[in-house]
Amino acid sequence: MSKLRIGIVGVGGIAVGRHIPTFQQMNDSVEITAVYDVNEERAAQVAKDFDIPNVVKDLEDIFPLVDAVTICTPNKFHAEFTIAALHAGVHVFCEKPMAMTPDECERMREAEEKSGKVLSIAYHYRFMKEAQAAKNIMQEGVVGNPLVTRVKALRRRKVPGWGVFTNKELQGGGSLIDYGCHLLDLSLWLLGNPKPVEVLGRVYNSVSRKPNLLNEWGDINAESFSVDDHVTAFITFEDGSSLQFETSWAANIPDDEESISISGDLGGMDVFPVRIYKPSHGVWTNSDVTWMSGDDNPSVPQATNFVETCLGQAEQVVKSEEAATVSTIIDAIYRSHELGTSIKL
Ligand SMILES: NC(=O)c1ccc[n+]([C@@H]2O[C@H](COP(=O)([O-])OP(=O)(O)OC[C@H]3O[C@@H](n4cnc5c(N)ncnc54)[C@H](O)[C@@H]3O)[C@@H](O)[C@H]2O)c1
């Protein structure tokens, strides 16, 4: 069977740290044939380091050499590059968030539909074994109808001091669009993708604008810091359920915390770690999970699902429509803060 030929667009941190080594582990089904980066020197170096045969100087030149591309550029270019690839008849695996605005997501989805090719987004939290176990538990109806969900993606002092993460023009925001998006995506998926109807958000960045921030992840410029480092939101859904959401890169809290807690009409569940709360046999029970199947590293199952979807061998886990809803909520949170009112969707 011929291998899926993959091109890497943007060969910075996530490409070199995750996508290239992961695809190269899957060498029975995949071959990385080309790279493209605006930084030609970096592209040439990465091609040499990873033994990739082609370095192209223009985006368009990569398409004849590949069946699929992975878009690993700053968020600003996700939409433009994805649309170009789909128009060229190439499958796309785009880094998260899907794009910077709901309008860009819409145009990406139109291109996906027209092309008949695969468009998936790298929301890798869904492939964590805890997430997979939680999805099974939800699908088995253990919690019943979800009523109230509490989501936290909190870092006490981990503002990424490298790369473009604090560049508003290239990324579109800070902690919410970079980090909170993962937990928001995972929650919506676990809940069965309820339709959001109203969003109230508040956005902060005072902590990172204090001089001499004691930051674990490198130095940041307090004076020019303009993105969010702490965000709260309240989201309601068409089915009457609601989600309380909080994310931060820098918050005055005792420790980092990642949690999703779902309370339904039959029972409840936490995801990190997986725990079930349920009345049964006339008593309340709290169940800890003592073993679960799955990979400790979500990169491999994520890449495998993308490749198998392209080859028509698997159902796509992260659908573009779902990733677009995450971007719609993120946009509504930012707008809600700016306008000082809730946003009806
Ligand atoms: N899934 C995750 O958990 C995760 C983690 C980190 C980053 N990301 C996402 O990956 C993307 C890239 O992040 P990164 O940390 O690798 O950034 P990075 O800055 O390390 O790398 C970006 C690369 O894109 C190149 N580039 C910039 N503009 C370009 C253009 N116009 N055309 C071609 N190449 C261009 C840069 O030269 C650089 O090599 C972002 O969307 C980010 O949100 C996702």
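User: How many of the 7 residues of β2 are buried?

Analyst: Let's start with the term: a residue is buried at under 20% relative accessible area, exposed at over 50%, and partly exposed in between, with a 1.4 Å probe and protein chains only. In β2, 6 of the 7 residues are buried, so the strand is largely enclosed by the rest of the structure. Helices (H or I, at least four residues) and strands (E, at least two) are DSSP runs, numbered from the N terminus. Please keep in mind that this is a predicted model, where local features need pLDDT of at least 70, side-chain atom pairs count only at pLDDT 80 or more, and totals for chains, interfaces and linings use all residues. Residues are numbered from 1 along each chain as its sequence is written, and side-chain values use heavy atoms, leaving out hydrogens and water.

User: Which strands pair with β2?

Analyst: Two strands pair if DSSP finds at least two bridges between them. Here β1 (residues 4-9) pairs with β2 in the parallel sense over 6 bridges, and β2 pairs with β3, also in the parallel sense, over 3 bridges. A34 in β2 is a handy landmark: G7 stands opposite A34, and A34 stands opposite N54 in β3.

User: What handedness does the crossover from β2 through α2 to β3 have?

Analyst: Point the strands away from you: a crossover is right-handed if the path from the first strand over the helix to the second runs clockwise. The crossover from β2 through α2 to β3 is right-handed. The unit of β1, α1 and β2 is right-handed too.

User: Which residues of helix α2 are buried?

Analyst: In α2 (residues 40-50), the buried residues are A43, V46, A47 and F50. Seen down the axis of α2, they fall within an arc of 100° (taken from the directions from the helix axis to the C-beta atoms), so they line one face of the helix. On the other side, E41, K48 and D49 are exposed.

User: What do the buried residues of α2 pack against?

Analyst: They pack against α1 (13-25), β2 (30-36) and β3 (54-56), where contact means heavy atoms within 4.5 Å.

User: Is L170 buried or exposed?

Analyst: L170, in helix α6 (residues 168-171), is buried, with a relative accessible area of 18%. Leaving aside neighbours within four places in sequence, L170 is in contact with P74, N75, K76, F77, M100 and V164. The C-alpha atoms of L170 and T73 are separated by 9.4 Å, although these residues are 97 residues apart along the chain.
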